[in-house]
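Dear colleague,

Please find below the structure that I am handing over to you. A summary of the findings follows it.

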Amino acid sequence: MNDSWSWLAAASSVIAVTGYELRLRYTARQNPAATAGSAHRIMRGEWVGALSRHPGSELLAVQALRNSLMSATINASTAVLVLMGSISLMVSRRDGSLSAPASSLRLALEFALVLTLCAAYVCASISMRYYNNAGFALSLPVGSPERAAREQPAASYVQRAGILYSWSLRCFLYAIPVAVGLLSPPSMPVAALALIVVLTLFDRAPETDG
């Protein structure tokens, strides 16, 4: 496949993924209960509100947030390890034997891979910050004036942390078509479409009884 077709394959993959994400965001705005992400965001806010109505739930809240914080930590650590391994592999494979057009596409895909992994790390790291702050707020005694004043910020922290954690996972998934494109540019659109099919299943709102 010549360079023009390779670039077309990469561009079509980006357009397909971007179009899917834009459609998902539009659906969530029209009906927040229609997508898993927006449904989970609502659930997290309700979780904070329910805990704030039950004295003695402070320990339960801290334990739940600790588990979420550990998951975000694993995501951030994994992103850094994969990023360092990818950069090392890219440097070791640099031999100057690629032609100029092929090199430009490969450089673009390598940059996209590094950028995607960096985004995964940043999203996971910021979600850790929000989970940490929410832990301080939700550990305040239920019924205290301090707890009442921090309930809305805590709900916002937990919701934002969940969104960022979700995006860190999505960045890992979106790195897959890029990695496939580095190995075989013609296969990149196939990998992108396969990923979209899988995401469609997971992005559906959870079914509720009744």
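**Findings**

Of the 210 residues in the protein chain, 35% count as buried, where buried means under 20% relative accessible area, exposed over 50% and partly exposed in between, with a 1.4 Å probe and protein chains only. Please note that this is a predicted model, in which local features need pLDDT of at least 70 and side-chain atom pairs count only at pLDDT 80 or more, while totals for chains, interfaces and linings use all residues. Residues are numbered from 1 along each chain as its sequence is written, and side-chain values use heavy atoms, with hydrogens and water left out.

The protein chain contains six helices and zero strands, giving the pattern α-α-α-α-α-α along the sequence; helices (H or I, at least four residues) and strands (E, at least two) are DSSP runs, numbered from the N terminus. Along the principal axes, its C-alpha atoms fill a box of roughly 70 × 40 × 25 Å.

Contact here means heavy atoms within 4.5 Å. Among contacts between residues at least 6 apart in sequence, 78% join residues at least 24 apart.

Gly45 lies in helix H2, which covers residues 36–51. Leaving aside residues up to four places away in sequence, Gly45 touches Ala155 and Gln159. Between Gly45 and Asp3 there are 42 residues in sequence and 49 Å in space, C-alpha to C-alpha.

As for the surface, the protein chain exposes about 12,200 Å², of which carbon and sulfur atoms supply 66%; these areas come from the Shrake-Rupley method with a 1.4 Å probe, and for residues only the protein chains shown count as cover.

Kind regards
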